[in-house]
Amino acid sequence: MSQPSDSAPAPVSRTQAFLYWLKLGCVSFGGPAGQIAIMHQDLVERRRWLSERRFLHALNYCMLLPGPEAQQLATYIGWLMHRSWGGIVAGALFVLPSFVLLVLLSWVYLRFHDLPVVAGVFYGIKPAVTAIVLFAAYRIGSRALKNVWLWLLAAAAFLAIFLLHWPFPAIVLAAALIGSVGGHFKPAVFAMKAGHAAGRHGAGPALIDDDTPTPEHARFRWQRLLGLSAVGLLLWIGPLAWLWLDQVGKGYCCKWAGSFPRRRC
């Protein structure tokens, strides 16, 4: 952990951000829990790019969204710091180095899995990754769960998953409802503590601190929301429409070719 400082760190350049997200993509073992813990340790405690309260606030929203919350969190932080360029770089580098490593490890396993040394290496990785996930869950949980009531709520969610086999969306909605009602009647229990001392654990001021104004590109605008929604729909519908047209075209081709015995699709 970095030593506490009275001043915020210097602004992060694009080169520094690129190198960090590249490094994260190469060392982010342990699944979402381990990846989130690594980002918390690096970005909040060591580099102080953003405060713990802002980190946990972003994490809460990313966990409500469908999809991989760790990659969404990295993409959001990259976008918050360097606009669209930062979001694209953070999201892409979060996946690409891991994909290359996974391909290499898969080739090694398929090619040499019958060797005792290689089999021992892969079996040795299992307990190490388990320890990483457990420690990561403890690190994040100890900062998000501030009192006994939140610990009880987390325990109830655990029991609902493993004993009652509730679907994950139902557990999230139930927790959100409990938090909404509890925040209205017992705000001291469910509200995050404000202020610089709360939630930073002596790391010092952050580049994006609790009271840092929202960047201009992160402010809500209906025009920007509609524009981004249109682009997202095009990116989603475009490939599906192309596949549908391709299948329809093949169907017409086969139907037309059926009238001519010598022709094939």
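## Reading a helical model: surface, core and pocket

Author: Welcome! The accessible surface of this chain comes to about 17900 Å², with 71% belonging to carbon and sulfur atoms; such areas come from the Shrake-Rupley method with a 1.4 Å probe, and for residues only the protein chains shown count as cover. This is a predicted model, in which local features need pLDDT of at least 70 and side-chain atom pairs count only at pLDDT 80 or more, while totals for chains, interfaces and linings use all residues. Residues are numbered from 1 along each chain as its sequence is written, and side-chain values use heavy atoms, leaving out hydrogens and water.

Reader: How many helices and strands does the chain have?

Author: Helices (H or I, at least four residues) and strands (E, at least two) are DSSP runs, numbered from the N terminus. Here the chain has nine helices and zero strands.

Reader: What should I know about nonpolar side chains?

Author: In soluble globular proteins, they tend to be buried together. Buried means under 20% relative accessible area, exposed over 50%, and partly exposed in between (1.4 Å probe, protein chains only). A nonpolar core is a set of buried Ala, Val, Leu, Ile, Met, Phe, Trp, Tyr and Cys residues joined through side-chain atoms within 4.5 Å. In this chain the largest nonpolar core has 28 residues, and W21, I36, M39, L43, F55, L73 and I77 have the most contacts inside it. Helices α1 (14-27), α2 (31-46), α3 (52-64) and α4 each supply at least two residues, and α4 gives the most, with ten.

Reader: Which residues is L43 in contact with, leaving aside neighbours within four places in sequence?

Author: Contact means heavy atoms within 4.5 Å. By that rule, L43 meets Y20, W21, R48, W49, L50 and I77.

Reader: Why does Q72 count as buried?

Author: Q72, found in helix α4, counts as buried because its relative accessibility is 19%. Beyond four places in sequence, Q72 touches C62, L65, P66 and G67.

Reader: And how is empty space found?

Author: Rolling a probe the size of a water molecule over the atoms shows where empty space is left. On a 1 Å grid over the protein atoms alone, using a 1.4 Å probe, a pocket is an open set of points with protein on both sides within 12 Å along at least five of seven lines; lining residues have an atom within 4 Å of a point. The second largest pocket here is lined by 14 residues, with W79, H217, R224, L225 and L228 nearest its centre. Helices α4 (69-112) and α9 (222-257) are the elements giving two or more residues to this lining, and α4 provides the largest share, five residues.
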